[in-house]
Amino acid sequence: MKKRPKILVVASRYNEPRELVKSAWQELDKNNVLHDSLYCDGAFEIPVTIARNIKKFDAFIAIGIIIKGETPNFNLISQAITNGIIDLSILHKKPIGNAILTCLNSTQVKKRSHKGKEAVDAVLSVLNPKDN
């Protein structure tokens, strides 16, 4: 029998991703998955927060919201976070569900509040692959 996976939800406080976190928690609870949560100030801190906890959990869900402003910072931050997450996932062979939204405005954010659930589903499919 496989052990129950233990998943850490790492969420940014910036831009208040409450609905994303809620959708992730609901899906984890629905699938009877052990989980814990940590918050960091911004999305840029998510990869290092995951790195500091990489040995304690089987998988991670990264949650944040980045809204494009008038400077190129949006592109730089988004790319750095994505690279950090994928590097950690590959190096440590642990799935990291990416529910960090990169949107142009708050209307787009509201339409994507289910992405936390989708990130959980993606991680669970890696942890428990179905044989076809």
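Reply: A crossing of two helices is called right-handed if the near helix is turned clockwise from the far one by less than a right angle, and left-handed if it is turned anticlockwise. With that in mind, and remembering that this is a predicted model, we can turn to helix 1, which passes helix 5 in a right-handed crossing. Helix 1 covers residues 18-30 and helix 5 covers residues 115-127, and the two pack at an angle of about 40° with their axes 6 Å apart. Angles under 35 degrees count as roughly parallel and those from 65 to 115 as roughly perpendicular, and helix 1 and helix 5 are therefore oblique to each other.

On the side of helix 1, the residues that take part in the contact are Leu20, Ser23, Ala24, Glu27 and Leu28, and they meet Lys115, Gly116, Lys117, Val120 and Asp121 in helix 5.

Now to the loop. Asparagine 15 is found between strand 1 (6-12) and helix 1, and it has a positive phi of about 65° although it is not a glycine. Glutamate 16 is found in the loop between strand 1 and helix 1, and glutamate 16 has a positive phi of about 45°, again without being a glycine. As for accessibility, asparagine 15 is partly exposed, with a relative accessible area of 31%, whereas glutamate 16, with a relative accessible area of 51%, is exposed, because exposed means over 50%.

Definitions and conventions
Residues numbered from 1 in each chain as written. Predicted model: local features only at pLDDT ≥ 70, side-chain atom pairs only at ≥ 80, totals over all residues. Heavy atoms only, no water. Axes fitted to C-alpha atoms, helices over the stretch in contact; angles between N-to-C directions. Helix = DSSP H or I, 4+ residues; strand = E, 2+ residues; numbered from the N terminus. Parallel < 35°, antiparallel > 145°, perpendicular 65-115°, else oblique. Contact = heavy atoms within 4.5 Å. Buried < 20%, exposed > 50% of the residue type's maximum accessible area, 1.4 Å probe, protein only.
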